[in-house]
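Please look over the sequence and the model before reading on. This briefing is meant to be read beside them.

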There are 2 protein chains.
Amino acid sequence: MATLTVPHPVPSAAEDAEQVREAVKGWGTNEKALIAILAHRDAAQRKHIQLAYEEMYQENLIKRLESEIHGDFERAVYRWLFEPIEREAMMANLALTKNLNYQVIVETACVNSPNELLIVKQAYHAKYRHSLEEDVAAHTGGDLRKLLVALVSTYRYGGDEIDLRLAQSEAKILQDLISQKELNHDEIIRILGTRSKAQLNATFNCYRDEFGTPIEESLSGETANEYALALHMAIRCIIDPHMYFVDVLDDALSKSGADEDTLTRVIVMHAEKDLGVIKEKFQKRKSVPLEHAVDKKTSGDYKNFILALVGN
Amino acid sequence: MATLTVPHPVPSAAEDAEQVREAVKGWGTNEKALIAILAHRDAAQRKHIQLAYEEMYQENLIKRLESEIHGDFERAVYRWLFEPIEREAMMANLALTKNLNYQVIVETACVNSPNELLIVKQAYHAKYRHSLEEDVAAHTGGDLRKLLVALVSTYRYGGDEIDLRLAQSEAKILQDLISQKELNHDEIIRILGTRSKAQLNATFNCYRDEFGTPIEESLSGETANEYALALHMAIRCIIDPHMYFVDVLDDALSKSGADEDTLTRVIVMHAEKDLGVIKEKFQKRKSVPLEHAVDKKTSGDYKNFILALVGN
C-alpha cells in the first residue's frame with residue numbers, strides 16, 4: 001500500500017519538465033512548485049520528466065537541482081529521483097563507503113524477497129562493477145562481517161512450505177545458543193543465513209511456543225555490540241518488516257534533532273511501496289499519526305517534501 | 001567446444017521415438033540402437049523425443065528405460081536425458097543427500113559463471129523447494145561447511161575489470177596464511193567467496209609472481225583434510241576448469257577399476273558444452289587420447305555410450 005499520490009489526469013512529461021524549468025530558472029527557486037510536481041509522480045513518470053527536461057533544456061535535471069536546493073531537502077529529492085532498484089543499490093553502497101551503516105545492509109538483505117535482493121545485487125554489479133557481498137566483506141570485520149556477508153550472499157528459497165520438525169529442532173539450537181550467550185555461534189549464522197523466510201518464521205514461532213519468549217525479546221537486551229544489534233535487526237526484519245520500520249521511524253523522530261538521513265531513507269524507499277501499512281501500524285502503536293510526528297520534528301522545504309510523500 | 005555429434009538431417013522426434021520404441025519393445029533391448037539415437041541428439045531434441053514417446057506410447061521413456069537397461073549404463077543414460085540445468089541441480093542434490101561428494105558442490109559453485117550458478121540455484125529451488133545453500137549447510141559441517149556455503153551462496157561480479165593493488169594485497173594475505181598453515185582462516189574464505197573470478201585470477205597471478213610458486217602448488221601438499229582438498233579444488237576450478245577436469249578424468253580412469261560415477265558426471269555434463277577443449281588438453285597433458293583411456297578402462301554398453309558422447 002503506497003502513500004504516493006498522483007493527480008488524474010497527470011500532465012505530460014514535457015508539461016512537467018516545463019513547470020520544473022519555471023521553478024528553477026532565474027534567481028531563487030520555487031520549492032513549492034518543485035514539490036507539487038516531483039513528490040506526486042511515480043518512478044516511471046519521474047524518469048520521463050528527467051528525460052524530457054534533458055532533451056528540452058540540454059541540462060541534467062539532477063545536476064541543476066543540486067545547484068538550486070540544499071541540505072536534507074536536496075538529499076531527499078536526489079534519492080527520490082532515482083529508479084527504485086538503482087536507488088537501493090546506491091543506498092547500500094553509501095552505507096558501506098561513507099560511515100558504515102550496517103542497518104541499511106541488514107534491511108536490503110532481509111526485507112527484500114529473495115528475487116528482489118537478487119535484482120538489487122544485479123543493479124549493484126552494473127553500477128559499481130563489484131558484488132555487494134565483496135563490498136560488505138571489505139568494509140566490515142569480525143562477527144559482524146560473517147553475519148552480513150551470509151545475509152547478503154544467500155539466495156533463499158522463496159516458497160511458503162515449512163518443515164515443522166526442522167523448525168522445532170532449529171528453535172532449540174537457537175534457544176540453547178542464546179541462553180548461553182553464544183550469539184556469534186556459526187549455527188546461528190547458518191540458520192539465519194540459509195533458511196527461507198517462511199521456515200525462519202516457523203522456527204521463531206516454535207521458539208516462542210516452546211520457551212515462552214519471542215526470540216526478538218530474548219535478544220533485545222543484547223546491545224553490547226554491533227553484531228548483536230545487527231542480529232536482532234535481521235530477525236525483526238524477517239518477522240515483521242513493517243513493525244521494524246515503525247520503530248526505525250519512531251527512533252528517528254524521537255531524537256532531540258530528528259535523524260533526517262534515516263527518515264529520508266525509510267520514507268523515500270517505501271512511499272511507492274508499503275508506506276501505507278507502516279503508517280497505519282505507526283499510528284496504532286505510537287498513538288500519533290506518522291504525519292504529525294514528522295510535522296513536529298522537521299521543518300522547511302524538507303518537511304513539505306517528506307509530508308507530501310507520507311501523504312499528508 | 002562440444003563433442004556431441006548430431007546427424008544432418010536429424011530425424012523428427014516422432015521418428016526417433018518410434019526407433020527407440022523398436023529398441024525397447026518385446027524381449028531384450030537393442031542397446032546399440034538406443035545409443036545410436038540418444039547419444040547423438042542435443043538437449044532440446046532429447047526433450048522432444050521424450051515428449052513424442054510419451055504421447056505416442058502412453059508411457060514415460062525414462063521409466064521404461066529403467067526397466068530395460070541397468071548399472072552404469074542406465075545411470076549414464078538417465079543423467080544424459082535430463083535438461084542440463086535441471087541435471088546440474090539434481091547432481092548437486094545427489095552429491096549432498098547420498099554420500100557427501102563435496103567435489104560436485106565445488107564444481108557447481110566455481111566452474112559455472114555467476115549467472116549460470118544463479119540459474120542452477122533457481123532450478124534447485126523449483127525442484128527441491130529448498131535453497132542449495134541450506135542443503136549444503138545442512139549436510140556439511142565445520143570449516144568445510146563455511147567454505148562450501150560461501151562458495152555456493154555468493155553472487156560474484158561477472159565482469160573482467162581487475163584492481164591490481166587489491167590483487168597484490170590479497171595475494172599477500174593468502175601467502176601469509178598459507179605459509180602459516182592457517183588454511184581455514186576467515187580471510188581465505190572471504191577472498192575466495194566474494195571476489196570476481198577475474199579478480200581472483202589476478203590475485204593468483206600476483207601470488208605466483210611475488211612468491212615464486214603458483215598458489216595451487218602451495219596447496220597441493222595439503223591433503224590432510226576435506227577442507228584443504230576442497231579449497232585446493234575451488235582454486236583450480238577458478239584458475240583453469242578445463243585442466244581441472246583433465247585431472248578429474250585422469251584420476252577416474254587411473255584407478256584399478258574406473259570410477260564410473262565421476263566419469264559419467266564429467267562426460268555427460270560437458271559433452272554438449274566444452275568437452276572438446278577438455279579432450280584436447282587431456283591428450284596434450286596425458287599423451288593419450290581421452291577416448292583411448294576410456295576405451296581401456298570401461299566396457300559393454302556403458303563404454304559404447306560414453307565413447308559416443310566423447311566423440312569416438
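The model is predicted, so local features need pLDDT of at least 70 and side-chain atom pairs count only at pLDDT 80 or more, whereas totals for chains, interfaces and linings use all residues. Residues are numbered from 1 along each chain as its sequence is written, chains are lettered from A and ligands numbered from 1 in the order in which they are written, and side-chain values use heavy atoms, with hydrogens and water left out.

**Chain A as a whole**

- The secondary structure of chain A comes to 20 helices and 0 strands, where helices (H or I, at least four residues) and strands (E, at least two) are DSSP runs numbered from the N terminus.
- The domain assignment divides chain A into domain 1 (13–69), domain 2 (84–153), domain 3 (164–239) and domain 4 (241–310), with bounds that come from an automatic or database assignment.
- Between domain 1 of chain A and domain 2 of chain A, the C-alpha centres are 30 Å apart.
- Along its principal axes, the C-alpha trace of chain A spans about 65 × 45 × 35 Å.
- Of the 312 residues in chain A, 54% are buried, a term that means under 20% relative accessible area, with exposed over 50% and partly exposed in between (1.4 Å probe, protein chains only).
- Among contacts in chain A with a separation of 6 or more, 71% join residues 24 or more positions apart, a contact being heavy atoms within 4.5 Å.

**Helix α13 of chain B**

- Helix α13(B), residues 197–211, has 15 residues and reaches 21 Å from its first C-alpha to its last, close to the 21 Å expected at 1.5 Å a residue, the expected span being 1.5 Å times one less than the number of residues.
- Buried residues in α13(B) include K197(B), L200(B), F204(B) and Y207(B), and the cover over the buried residues of this helix includes α7 (102–111), α11 (164–179) and α15 (226–239) of chain B.
- After α13(B) comes G212(B), whose phi is positive, near 80°.

**H125 of chain A**

- H125(A) lies in helix α8 (residues 114–128) of chain A and counts as buried because its relative accessibility is 8%.
- Leaving aside residues up to four places away in sequence, H125(A) touches H130(A) and S131(A), and also Y155(B), R156(B), Y157(B) and G158(B).
- The C-alpha atoms of H125(A) and A89(A) are separated by 8.9 Å, although these residues are 36 residues apart along the chain.
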